[in-house]
Amino acid sequence: MSVNRLNWRGRFTAMGGIIWREAIRFAQQRERFLSALVRPLVWLFIFAAGFRSVLGLSITPPYETYVLYEAYVTPGLCAMIQLFNGMQSSLSMVYDRETGAMRTLLVSPYPRWFVLSSKLIAGVAVSILQVYAFLLIAWFWDIRPPPLGYITLLPALILSGMMLGAIGLFLSSAIKQLENFAGVMNFVIFPMFFASSALYPLWRIAESSELLYDICNLNPFTYAVELIRFALYVQINWLALGVVVGVTAAFLAAAIYAYDPSKGLVGRRRG
Amino acid sequence: MSGPTLSVTGVSHNFGATKALDDVSLTVEQGAFVALLGINGAGKSTLFSLITRLYDNVSGSIEVCGHDVRRDAGPALAQMGVVFQSRSLDMSLTIRQNLRYHAALHGIGKREARERGDKVLESVGLLEKAESKVATLSGGQLRRAEIARALMHGPKLLLLDEATVGLDVRSRRDVVDTVRNLADTGEVGVLWATHLFDEVRGSDPLVLLHKGAVIESGIAAGIAGDVTLSERFLSLTGVERDEIAA
């Protein structure tokens with residue numbers, strides 16, 4: 001009977017179900033969508049406008065001319081949307097674990113790595129919708145990358161979303177309780193965002209602090225931002241691509257390990 | 001099918017230096033309603049976490065319909081329906097949406113999920129509530145909805161961990177009756193974990209769990225002998241009367 005559903009067809013039914021649930025929740029939580037949109041728009045409309053005159057940008061790849069600061073910061077804000085989304089889905093997983101919904105997911109007969117990866121993909125799909133909604137509004141704000149860039153951006157968003165989601169997934173296995181999420185904000189989201197190339201080019205940072213420059217270079221978020229930046233201008237940053245893929249693989253493996261009952265961290269705790 | 005639906009043999013489990021389970025063995029035959037009785041902290045939830053593979057059983061073996069949960073986790077989990085102690089339905093979805101989600105997690109597509117959903121909801125008396133949001137259900141309805149969900153993929157083994165906690169007397173009786181009727185159909189074996197002595201009938205196979213160890217197992221009436229089950233439990237364990245419920 002049910003054992004013959006343990007094939008790949010059944011697996012994809014399971015993945016479809018996980019994405020479907022995420023989509024319903026997303027549609028029901030309009031505030032979440034709005035706040036995910038308002039956050040980068042505030043940065044774009046207010047912060048970037050104020051910064052425009054302060055910060056001069058030289059011509060650096062992938063840009064072929066001088067660009068306005070708003071245009072520079074847009075890929076960083078796309079990555080920020082995905083960063084918040086990745087951490088938010090890790091928050092929802094901690095919540096799911098406390099309420100027991102995570103257990104429902106984990107008693108699925110499919111391999112745990114597959115179930116967790118499906119959960120990750122569902123979260124990435126939601127973040128991509130948010131990014132495109134943001135870019136649509138930015139277009140009216142005169143941020144207009146080449147039209148083809150919107151297409152080449154998609155694979156970059158999938159990869160960077162996977163990386164940030166995998167980091168979130170790993171954190172969700174390590175966070176003991178929901179209240180610790182404020183700590184994630186302070187110790188993960190903000191440092192990752194500010195110590196990266198999202199808001200200012202790295203050569204600018206090098207001028208003021210070599211140490212900070214090194215930190216930014218070690219921050220995987222920098223590479224997500226650069227991957228998105230180049231893709232939006234129909235180019236590939238190979239270093240960024242390599243780092244993003246590598247970091248995704250590492251954190252996904254760590255998360256799957258952590259959720260594996262025979263090895264992981266989850267099984268070592270009571271309750 | 002040959003062999004028991006659930007077979008737990010010599011299972012021990014530690015949390016650090018604390019021994020949560022010590023050499024536990026029990027079996028659930030097809031169509032049986034087996035009561036796992038123990039006061040809070042006896043190790044019931046730990047045992048459930050091991051059977052459902054939330055934790056790994058490092059010693060002993062657990063088999064579901066002949067599938068070892070460690071070596072053969074997929075087929076073992078496919079035969080298992082679980083109602084956890086903590087409530088685990090998605091409150092923002094309707095009952096039917098919850099069932100569809102659960103069905104998908106077991107590889108069952110949308111159309112089949114709807115057919116099965118109607119059937120299992122009818123068996124727990126909730127068909128007319130199918131389109132209701134879970135958040136609008138009463139405690140007893142919520143539990144029965146969780147039982148319906150656990151049955152969606154046609155499991156051979158139904159595990160319920162303190163399924164009546166927090167319910168009023170009538171809802172409790174409804175939930176227990178629902179599960180007993182399921183076992184009576186002969187299609188599922190039930191492991192019913194509880195700390196409430198009055199939920200156990202004299203004819204039930206019973207496993208008494210105390211401080212992580214099985215202190216008695218057999219038919220409930222036989223274990224009780226000529227006193228009540230709770231009195232027998234007190235004399236076996238030496239715990240105070242006010243520590244037990246019912």
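I take a nonpolar core to be a set of buried Ala, Val, Leu, Ile, Met, Phe, Trp, Tyr and Cys residues joined through C-beta atoms within 7 Å. Buried means that 20 or more other C-beta atoms lie within 10 Å of a residue's own, with C-beta atoms placed from the backbone.

**Ground rules.** I am working on a predicted model, where local features need pLDDT of at least 70, side-chain atom pairs count only at pLDDT 80 or more, and totals for chains, interfaces and linings use all residues. Residues are numbered from 1 along each chain as its sequence is written, while chains are lettered from A and ligands numbered from 1 in the order in which they are written.

**The core.** I looked up the largest nonpolar core and found 153 residues in it. Those that touch the most other members include Ala224(A), Leu227(A) and Trp192(B). Helix H3 (residues 69-99) of chain A supplies the largest share, 14 residues. I took helices (H or I, at least four residues) and strands (E, at least two) as DSSP runs, numbered from the N terminus. Both domain 1 and domain 2 of chain B give residues to this core, so it lies between them.

I then checked Ala224(A). Leaving aside neighbours within four places in sequence, Ala224(A) is in contact with Ala79(A), Ser160(A), Met163(A), Leu164(A) and Val244(A). Contact here means C-beta atoms, placed from the backbone, within 7 Å.

**Domains of chain B.** Domain 1 covers 6-79 + 155-243, and domain 2 covers 91-154. These bounds come from an automatic or database domain assignment. The C-alpha centres of the two domains lie 25 Å apart. Each domain puts 11 residues into the contact. On the domain 1 side, helix H6 (residues 169-184) gives the most, with five residues. That side divides into seven nonpolar, three polar and one charged. I counted Ala, Val, Leu, Ile, Met, Phe, Trp, Tyr, Cys and Pro as nonpolar, Asp, Glu, Lys and Arg as charged, and the others, Gly among them, as polar.

**Chain B against chain A.** I found 31 residues of chain B in contact with 30 residues of chain A. On the chain B side, helix H2 (73-78), strand E6 (80-83) and helix H3 (95-105) give two or more residues. H3(B) gives the most, with five. The side divides into 14 nonpolar, 13 polar and four charged.

Strands E9 (residues 205-210) and E10 (residues 213-219) run antiparallel, joined by six bridges. Two strands pair if DSSP finds at least two bridges between them. Leu209(B) has Val214(B) as its bridge partner. Two residues separate the strands, and Lys211(B) in the turn has a positive phi of about 50 degrees.

Conventions. Contact = placed C-beta atoms within 7 Å. Buried ≥ 20, exposed ≤ 12 C-beta atoms within 10 Å, placed from the backbone.
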